Amino acid sequence: MLISCLIAAAPLLGATAADDAFALRASHVHVGNGQVVLDAFVVVEDGVVKSVSNNAPRGVRVVEVDGHIAPGFISLRETLGAGSENAERTRKSTPTADLSFAFDPTSPNWKGLVSEGVTTVLLPAGNSQIAGGQAAIVSPAAGEVLKRNAVVTLGLSRAALGSSTAPTSFAGLYAHLGEQFAAAPEGSPLAEAKAGKVPVMMRAVTRSEVHRALEFAAAYGLKGAVIGAPEADDLVDELKASGLAVVFESKAAPASSKDVVKSALALSKAEVPFAFTSDAGSQGPLGMRMQAAACMRAGLDAGAALRAMTADAARIAGVDATHGTIATGRAADLVVWSGPPTDLTSRVHSVYAGGHLVHSAHAHGAHQ
Amino acid sequence: MRSYSTRPDRRSPLRRLRNLGIALTAGAALTAASLAAQDDPAPEPAPEPAPEAVPAAPSLLFLRANKVIVSPGKSLDNMGLLVRDGRIVAMGTDLAAPEGVETIEGEVICAAFIDPWSVAGVDASSARTDRVDTASRATDALDPYGQDEVLDDLLESGVLMLRVEIGSAAAVSGVGAVIRADGAVPVLADAAISARLYAPGLDPVSRVGQVDRLASALGGAKKYADDVATYESNLKTWEEEIAKKETELAEDFKKAKKSRDKKVKEAKEEGEELKEKKYKEDKRPRPPKFDAKKASLARAVGGEVPMVIHVEQALELRELLRVTRPFTRMRLVLAGGRSALLFADELAERGIPVIVTPAPSSPGGDVGEMDPGFALAGELSARGVEVLIGSGATSASASRDLPLLAAAAVGHGLDEDAAFHAITAGPARVFDLQSKVGSVRRGLHADLLVLSGDPLSSSTRVLASISGGKVVHQAGN
């Protein structure tokens, strides 16, 4: 039995608020910010974390879990369950596009993500657009859009250049983007990004693409992150000065990128926040954890690896007030692992999203 | 330095015929004389260097760890290991480092990881080609210079040995080798014959047809091996007869000479030439026509080398298990096997191991809803099937993910010891190298890892990689 229910205290009969409330008790609670609370109770009420403490809560059902509790992981790009509805092909820029419309909660692909402990996903525009629109933050387990217009996505890599349609060069791309920003009326997504109110996620892969993106961000006062940048270790000082974070993309095969391993170690040392994506990899939802594990086997601290998949990812996506950590007032997106959450040998026992049990290995695993 | 071995030459008829065949392709003329000379020690046209060549100067290395994992599930505490000339020569808790000998210490020492399904170290186009046959050899495609970066990464990740194959686009891709990642040097040149029954785009009838073609190739190889054996037996009988005749002739030499001289004289008088038969030359058994492809495949049919078959879908797998039942000596190994759970009982009973490449399930993929995804390794193992974990030979650099793949299999239900077996002792056993590598014992080759923690834990670092007694990677260096 992986999960055993027991009544910790006499249930308060008729207490309506407490019907929705329960507590998980585990040997380790990984808060997500690097802190680990031993032998702790996580109290959940109305889908939100009410408290994390060593003291047994009164009047709520306590579920004893055998293992470690960690915040649900956040993937900063996952478009598998969007078909290709996030990638407008005929126009290079659709800055007002709301990508929550690309979210298909009925896609079977989301299930695999949840069973690997990923409870929050950023759904951005395709790589071939320049100002493709505003990314949405979605919950694959609940099938809900958590936040619309969360991040402005910009495609600043070669993938955004056309072969026969403008712009075909980086000079043209930045001229086009400058025009888009200049023409953006007040209150529009690009104007909000320029005012630093909405974070951007700029896709740039090669070192010179990253360099150009950083210059543009500095000129326009953009905040947020660069997505791609496998060779970020060569640009640590520039990145540090820019205040931007880095999102590393999953790879096809091999699942671990040696460049990313080197870069993650360098960024960690320089205290530049970074995160991972789950898409585009042959390992599917596990790609994110495999890349993190590859970094750990090269010396990245387990706490830093966990932050990259939880607290730092939430901050990059601008949802740290509600997601990424197990703390009072945050969404009860909790994953129960058999061991340390960043260790690939750990198994997912159960997943809670918004306080609801959405996956249980006990119900799914044939081998248990 | 190319110091590697092929399997021991048992002087089997096939082997001799193969050697002869190579001589032929090398341009030697086939004459009655050369055929008759077959019983002489077979000339090796490409002489294989003596196995286990010893380095000129003895080299010593001392290793110590709090835990030495001797074999999966079995470990010893606080051990020292002395390595001399590439082999583990001493192990013990009270063993001290000899003075002046390089010493490496760590938390854990274990056998180096072996990727049983890889293309690292092999020239990239040879790996993908379809222009190979049963007799093609992976050792001919090794590319240590073109692949040096890939191979260096493997040393860092602790994957020090690989079973490589070529010709991923061909139905039968020939003889694969086990190599060391350090310099792509072969350890066993004829590790396995590999084939594939995996063509996702094909219609079911053609897919079954593929299996049947493989079955008839195996049948043909078996027939060939039988013919060669029959020929060998007949040849032996014939030779014995000849020897007997020779003795008789020697004994009755004078008498025979007299009688022959008389016959010659008579013939001359009659104006004829004497037609004589010294021996019964016309009755000399004739060998079957040499066929390199059949000879190579026959080694797999006879169980001399394992036969690795890449198969994913249930249709091919069911048919494959059916058609291979008569080949009782063949040592079948499945690679891929995403639908293998359906046949787990038969695989367990027949002792057929499966090389699993842990991957997520893809609902719209080849095996559809039946795809167990990452759980495949754990579920097969739970049902008694021996599981090996391989990187899948999709790209050369994929091999460096091997410890991550094994860890992911543990994270999806595979027992930790079984996962460690799947990348150490398992591949060593399946490819007949258990007397050399795959575990930590006195006398074995020093292909070892010094680690900061448990082999598969994500927070463990490879502190040092030792390949054939040589330190090929050290963390921080």
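Helices in this tour are DSSP runs of H or I with at least four residues, numbered from the N terminus. The model is a predicted one.

**Chain B, helix 13**

Please begin by selecting residues 425-430 of chain B, which form helix 13, and locate Pro427(B) within that helix. With a relative accessibility of 2%, Pro427(B) counts as buried, because the limit for that class is under 20%. Which residues does Pro427(B) touch, leaving aside those up to four places away in sequence? They are Ile114(B), Pro116(B), Leu388(B), His421(B) and Ala422(B).

**Chain B as a whole**

Of its 477 residues, 53% are buried. Among contacts in chain B with a separation of 6 or more, 70% are between residues 24 or more positions apart.

**Chain B, helix 7**

Proceed to residues 292-301 of chain B, where helix 7 is largely enclosed by the rest of the structure, since seven of its 10 residues are buried. The buried set consists of Ala295(B), Ser296(B), Leu297(B), Ala298(B), Arg299(B), Ala300(B) and Val301(B). At the start of helix 7 of chain B, select Asp291(B) and Lys293(B): a side-chain oxygen of Asp291(B) comes to within 3.0 Å of the backbone nitrogen of Lys293(B). Just after this helix of chain B, Gly303(B) has a positive phi of about 85°.

**Chain B, the loop at Asp85**

Move to the loop between strand 2 (74-84) and strand 3 (87-92) of chain B, where Asp85(B) lies. Asp85(B) is not a glycine, yet its phi is positive, near 50°. For most residues other than glycine, phi is negative. A relative accessible area of 24% makes Asp85(B) partly exposed.

**Chain A, the loop at Glu271**

Turn to chain A and select Glu271(A), in the loop between helix 7 (258-270) and strand 14 (274-276). Is Glu271(A) buried or exposed? Its relative accessibility of 64% places Glu271(A) in the exposed class.

**Chain A, around helix 3**

Select Pro167(A), in the loop between strand 10 (144-155) and helix 3 of chain A. The peptide bond that joins Ala166(A) and Pro167(A) is cis, with omega at about -10°. Most peptide bonds are trans.

Continue to Ser188(A), which occupies the loop between helix 3 (170-183) and helix 4 (189-194) of chain A. With a relative accessible area of 12%, Ser188(A) is buried. The side chain of Ser188(A) reaches the backbone oxygen of Pro185(A) at 2.6 Å.

**Chain A, helices 8 and 9**

For the last stop, select residues 287-297 and 302-309 of chain A, which are helix 8 and helix 9. How are these two helices of chain A arranged? Their axes lie 10 Å apart, and they pack at an angle of about 155°. Helix 8 and helix 9 of chain A are therefore roughly antiparallel, a description that applies to angles over 145 degrees. Helix 8 of chain A passes helix 9 of chain A in a right-handed crossing. Show the side chains of Met288(A), Arg289(A), Ala292(A) and Met296(A) in helix 8; these residues meet Ala302(A), Ala305(A) and Met309(A) in helix 9 of chain A. By class, this contact has six nonpolar residues, one charged residue and no polar residues.

Key
Residues are numbered from 1 along each chain as its sequence is written. Chains are lettered from A and ligands numbered from 1 in the order in which they are written. This is a predicted model: local features need pLDDT of at least 70, side-chain atom pairs count only at pLDDT 80 or more; totals for chains, interfaces and linings use all residues. Side-chain values use heavy atoms; hydrogens and water are left out. Axes are lines fitted to C-alpha atoms, for helices over the stretch in contact, and angles run from 0 to 180 degrees between N-to-C directions. Angles under 35 degrees count as roughly parallel, over 145 as roughly antiparallel, 65 to 115 as roughly perpendicular and the rest as oblique. A crossing is left-handed if the near helix is turned anticlockwise from the far one by less than a right angle, and right-handed if clockwise. Contact means heavy atoms within 4.5 Å. Ala, Val, Leu, Ile, Met, Phe, Trp, Tyr, Cys and Pro count as nonpolar, Asp, Glu, Lys and Arg as charged, and the others, Gly among them, as polar. Buried means under 20% relative accessible area, exposed over 50%, partly exposed in between (1.4 Å probe, protein chains only). A polar contact is a pair of N or O atoms within 3.5 Å; within protein, one must be able to donate a hydrogen and the other to accept it, and residues adjacent in sequence count only if both atoms are side-chain atoms.
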